[in-house]
Amino acid sequence: MKTIKYQLLKLLIPTSGADVQAEINTEKGYALVTGISANATDEEASLGCVFNKFEINNKEIFPEGYESSRITTGINVSPNDRFYKVTEPADGTKVTVKYKDGGNALAYPYILTIYLNLENA
Amino acid sequence: MLREKTKSWLIIPVKVNNPLAYVTGIEYKIPEHVDTCTGIMLSPGTTFIEKLSKNHTPVLGNISLWFNSKTTHPVHYLVDGIHPKEQEGKYESLRLKESLKGGTLIQGLMEDFGKANSYPYEMKIYLECTLKCSCNDK
């Protein structure tokens, strides 16, 4: 039977233009990362923000300069379609994210949450 | 030994300096290690245009691209100026029937309509590609 888990990676963005880096290990017991999504607590923040690194298991998922807004979705999207589809190994692999704020948030600090959709086949 | 092809994104930044210089040239060489690119996505990047009403789709400009060193002209498309917070759907790439080959040139222009919220700005062209080898792995 397929089992699914949503793992969160939270980044605190302290100031305008900040560069923030974070690393987590994917949950053990889940074979694959099958989706990625992102959301910020400040809705104005998403303009101009980029990932300067996004790797899973030392493999580049998004190159430098990839806008984080490209993996967000609007409210009209069905919940199960809100993830950017990937198929990468999980089960303890390292996820590395470097994020650069675009300087457009209404207030600082704000939190960027990255959601990882983990599954067992 | 056959290696599985790795998916990768290429990003072409296009800087638009001011609305008076409204046509910006684009020239970019697809890296040699890229096998093919089969999807394209256009982003207004660091700018946007205020929506006038719920059903208004603000248009930043017009982009026109020639592929494979000017052998084909498959992209002539409007670039929307929607702020990410107004996005109602999902960002997905447009499929290209004319795939791009590694080592070839993309050439074209971005025509700005003078309505952006701020100048200068940098819009982005995203290309969804596969690599000839598993070059992504470190």
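In chain B, strand β3 is joined by 4 bridges to strand β6 (residues 94-101), and the two strands run antiparallel. Strands, in this account, are DSSP runs of E of at least two residues, numbered from the N terminus, and two of them pair if DSSP finds at least two bridges between them. Within this pairing, Ile40(B) stands opposite Leu94(B) in β6(B). The model is predicted, so that local features need pLDDT of at least 70 and side-chain atom pairs count only at pLDDT 80 or more, while totals for chains, interfaces and linings use all residues. Residues are numbered from 1 along each chain as its sequence is written, chains are lettered from A and ligands numbered from 1 in the order in which they are written, and side-chain values use heavy atoms, with hydrogens and water left out.

A further 8 bridges join β3(B) to β8(B), again in antiparallel fashion. Here Thr36(B) stands opposite Thr130(B) in β8(B). Of the 10 residues of β3(B), 9 are buried, so the strand is largely enclosed by the rest of the structure. Buried means under 20% relative accessible area, with exposed set at over 50% and partly exposed in between (1.4 Å probe, protein chains only).

The structure holds 1 disulfide over all chains, a disulfide being a pair of cysteine sulfur atoms within 2.5 Å. The bond joins Cys37(B) to Cys129(B), with an S to S distance of 2.0 Å. The link of Cys37(B) and Cys129(B) is right-handed, with 90 degrees about the S-S bond. Because Cys37(B) lies in β3 (residues 34-43) and Cys129(B) in β8 (residues 121-131) of chain B, the pair ties together parts that are 92 residues apart in sequence. Cys37(B) is buried at a relative accessible area of 0%, and Cys129(B) is buried at 2%. In chain A, Cys49(A) is also buried, at 0% relative accessibility.

Chain A contains an open sheet of 4 strands in the order β1-β9-β3-β7, with antiparallel pairing. Its edge strands, β1 (3-13) and β7 (84-89), each pair on one side only. Between β1(A) and β9(A) (residues 110-120) there are 11 bridges, and Leu8(A) has Tyr115(A) as its bridge partner in β9(A).

The largest pocket has a volume of about 550 Å³, where a volume is the space filled by probe spheres set on the points, joined across faces, edges and corners. Of the 23 residues that line the largest pocket, the closest to its centre are Ala38(A), Asn39(A), Thr72(A), Thr73(A) and Gly74(A). The largest share of this lining, 4 residues, comes from β3(A).

The structure also holds 1 cavity of 30 Å³ or more. The largest cavity has a volume of about 50 Å³. Its lining includes Leu47(A), Glu67(A) and Arg70(A), together with Pro44(B), Ile82(B) and Tyr91(B).

Key:
On a 1 Å grid over the protein atoms alone, a cavity is a set of points where a 1.4 Å probe fits but cannot get out, and a pocket is an open set with protein on both sides within 12 Å along at least five of seven lines; lining residues have an atom within 4 Å of a point.
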